[in-house]
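Biologist: I would like a close look at one part of this model. Please take a single helix packing and then place it in its surroundings.

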There are 2 protein chains.
Amino acid sequence: MPVSLLLADDHAMLRSGMRAIFDTQPDLDCVAEVADGRAAVTEVARLRPDVAVLDIRMPKLDGLAATEQILADPANRTKVVVLTTYDSDEYVYRALRAGASGFLLKSLPPEELISAIRVAARGDALIDPSVTQRLIARFATSIAPPQPPPELEQLTAREREVLLLIAGAHSNAEIAAKLHVGDETVKTHVSRVLAKLGLRDRVHAVAYAHLNGLVDNQRLAPGTTARTDRRQP
Amino acid sequence: MPVSLLLADDHAMLRSGMRAIFDTQPDLDCVAEVADGRAAVTEVARLRPDVAVLDIRMPKLDGLAATEQILADPANRTKVVVLTTYDSDEYVYRALRAGASGFLLKSLPPEELISAIRVAARGDALIDPSVTQRLIARFATSIAPPQPPPELEQLTAREREVLLLIAGAHSNAEIAAKLHVGDETVKTHVSRVLAKLGLRDRVHAVAYAHLNGLVDNQRLAPGTTARTDRRQP
DNA sequence: AATCGGGTCCCCTGTACGGGGGAGGAACGA
DNA sequence: TCGTTCCTCCCCCGTACAGGGGACCCGATT
């Protein structure tokens, strides 16, 4: 099935270069060329191409803002591939956050650009290898499981339990009710926790617990279903 | 320059298939084949190939554990490419967290596998497009700046300032000193913050601030201990 | 049998905190 | 000019909290 394309770049020469590349592929149909981001947004909304190839440096509206606007509109089914000379990390993050299906550098060989377009058209994504390396590094740390501080070992199981309840901003009375013990008991536990961890307040304890990842503050995004067991033929 | 390779897969047929693919490339030199993860680790340490291609499902030690062991040893310069049939998200995260230079599916066309090896050998990384899509989704949310809850708009600048100090587990007296105002003033601000946000305690305020990302909860670099009493000069 | 750690409960004390009120001054726009 | 908002400061009162004692029970260790 043919893939319709929109090319957005402020350099006419580069656009015709890309067009020449894509014209060698019968299944790639270049339906529009624009020279700025604003035109890219309006033309995408009008022509609904399968894939839009956007440069970042463009007049009126840069490619990242255009990407965001295009992908923010649920009426658009167009996949966005960002094609740029600069691979600044901030650019990458912003493009991916907006939901781009590709982040490619203009140094990419033409045939790989072509295959990247096909990848994007079928709903997959492709990131330039030179960018991927840094992306992995960033990603690895951002999803790294929090390392529990060693001083937690000093706490008994009951004390850790109490610490988590403190972190949940529960008062001593609430903790007592939840644990089915007297509030004097809770006071003892709390005091021990504070003493063992070197914390002044229960307020400090709350901050401590959150800063050390004892509280699950992961914010899940809409539609992000983490599948654990998907098979691919 | 030639690239030396180690292949690890428990299926001999698949190994010979890969070897046949790589043998078509004069610059790819397949120096070892192993059938389990433990052998992969020892052979990598012994032969120091440029790139190790590891399957995940392997006896004795699975490919992910092998990846972790190989990349955990700083003496190894070997790049690891994970090549698997299963693209479970957990596998991907674990491989990338360990520092893999590639996560590829066995459905990848041979010529792309070859180019992926070269990509890994030169220090870049490549992720299978079908995986990249989900990775982007996950990454986007994990680095997405937390959206400040709307009720924060009700707070004045001063009150927000106080809220952040509360979140840092500072007492009223400390806040007063830091802001160069009387502690009675701080009490007023705190009361207003609690009232406007519908919070009972300053304890609740601390939890609220942390859960809503008002506090820089970013995982710090390895070796950096998150302290609860961070104060700015 | 004696000891110890962990969990439970109780007392007393001082303090920080939160709620209620009031009030002055500066900056801003109506 | 007036009124509003914001920041500032003050007083009183009740409560939750933290520290420092002590005490009991129980299971495991010695």
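Biologist: How are H7(A) and H9(A) oriented to each other, roughly parallel or roughly perpendicular?

Modeller: This is a predicted model. The axes of H7(A) and H9(A) cross at roughly 90° and come within 9 Å. Angles from 65 to 115 degrees count as roughly perpendicular, and H7(A) and H9(A) are therefore roughly perpendicular to each other. From H7(A), the residues in this contact are Arg158(A), Glu159(A), Val162(A), Leu163(A) and Ile166(A). They meet Val186(A), His189(A), Val190(A), Arg192(A) and Val193(A) of H9(A). Sorted by class, the contact of H7(A) with H9(A) holds 6 nonpolar, 3 charged and 1 polar residues.

The element that gives the most is H9(B), with 5 residues. By class, the surface near DNA strand C has 8 polar, 6 charged and 5 nonpolar residues.

Helix H10 (residues 202-211) of chain A and helix H10 (residues 202-211) of chain B have axes that come within 9 Å and cross at roughly 15°. That angle makes H10(A) roughly parallel to H10(B), and their crossing is right-handed. In H10(A), the residues in contact are Arg202(A), Val203(A), Val206(A), Ala207(A) and His210(A). Their counterparts in H10(B) are Arg202(B), Val203(B), Val206(B), Ala207(B) and His210(B). The contact of H10(A) with H10(B) comprises 6 nonpolar, 2 polar and 2 charged residues.

Elsewhere in chain A there is an open sheet of 6 strands with parallel pairing, in the order E2-E1-E3-E4-E5-E6. Strand E2 (28-34) and strand E6 (126-127) of chain A stand at its edges with a single partner strand each, so one side of each has no neighbour in the sheet. Within the sheet, strand E4 (residues 79-84) of chain A pairs with strand E5 (residues 102-105) of chain A in the parallel sense over 4 bridges. Val81(A) has Gly102(A) as its bridge partner in E5(A).

Definitions and conventions: Residues are numbered from 1 along each chain as its sequence is written. Chains are lettered from A and ligands numbered from 1 in the order in which they are written. This is a predicted model: local features need pLDDT of at least 70, side-chain atom pairs count only at pLDDT 80 or more; totals for chains, interfaces and linings use all residues. Helices (H or I, at least four residues) and strands (E, at least two) are DSSP runs, numbered from the N terminus. Ala, Val, Leu, Ile, Met, Phe, Trp, Tyr, Cys and Pro count as nonpolar, Asp, Glu, Lys and Arg as charged, and the others, Gly among them, as polar. Axes are lines fitted to C-alpha atoms, for helices over the stretch in contact, and angles run from 0 to 180 degrees between N-to-C directions. Angles under 35 degrees count as roughly parallel, over 145 as roughly antiparallel, 65 to 115 as roughly perpendicular and the rest as oblique. A crossing is left-handed if the near helix is turned anticlockwise from the far one by less than a right angle, and right-handed if clockwise. Two residues are in contact if their C-beta atoms, placed from the backbone, lie within 7 Å. Two strands pair if DSSP finds at least two bridges between them.
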